[in-house]
Amino acid sequence: TASGKNSPSHICPDPSAHSSDRSRTSLRIPPHAAHKVCSPADAVSLVSRKDTICVSGFVAQGSPDLLLKALADRYEQEYREGVTDGVGDLTLVFGGGP
């Protein structure tokens, strides 16, 4: 879903939001990328048991924290609900990670 809320990817400054106070620049999702944006929960819903997930960043800069948190939340929810075939047994590859 293309909501724009809490979607850190594919955002850019809104050129119509000209203000003398640069700290209040609003952000928008460019129309050409709107169909590519989804919530972190929707993104991690695509992860299956025993998948390999590769994330990157420069050391910890640029790592997809919201996605990793959503994945952890999904795992914890499935664990609490007793789901035995949910997301798990994952391999995480973090290039240049902490």
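Which side chain does arginine 49 meet in a salt bridge? Its partner is the side chain of aspartate 89, with N and O 3.1 Å apart; a salt bridge here is a side-chain nitrogen of Lys or Arg within 4 Å of a carboxyl oxygen of Asp or Glu. The model is a predicted one, in which local features need pLDDT of at least 70 and side-chain atom pairs count only at pLDDT 80 or more, while totals for chains, interfaces and linings use all residues. Residues are numbered from 1 along each chain as its sequence is written, and side-chain values use heavy atoms, with hydrogens and water left out.

The pair joins distant parts of the chain, 40 residues apart: arginine 49 sits in the loop between H1 and S3, and aspartate 89 in the loop between H2 and strand S4 (91–95). Helices (H or I, at least four residues) and strands (E, at least two) are DSSP runs, numbered from the N terminus. Arginine 49 is partly exposed at 36% relative accessible area, and aspartate 89 is partly exposed at 48%. In these terms, buried means under 20% relative accessible area, exposed over 50%, and partly exposed in between (1.4 Å probe, protein chains only).

Ala70, Leu71 and Glu78 are the buried residues of H2. Seen down the helix axis, they fall within an arc of 100 degrees, so they line one face of H2; the arc is that of the directions from the axis to the C-beta atoms. Helix H1 (40–44) and strand S3 (52–56) are included in what covers these buried residues, contact being heavy atoms within 4.5 Å. On the other side of H2, Asp65, Tyr79 and Arg80 are exposed. Just after H2, glycine 82 has a positive phi of about 75 degrees.

The whole structure contains 3 salt bridges. Glutamate 78 forms a salt bridge with arginine 74 at 3.0 Å between the closest N and O atoms. Glutamate 78 is buried, with a relative accessible area of 14%.
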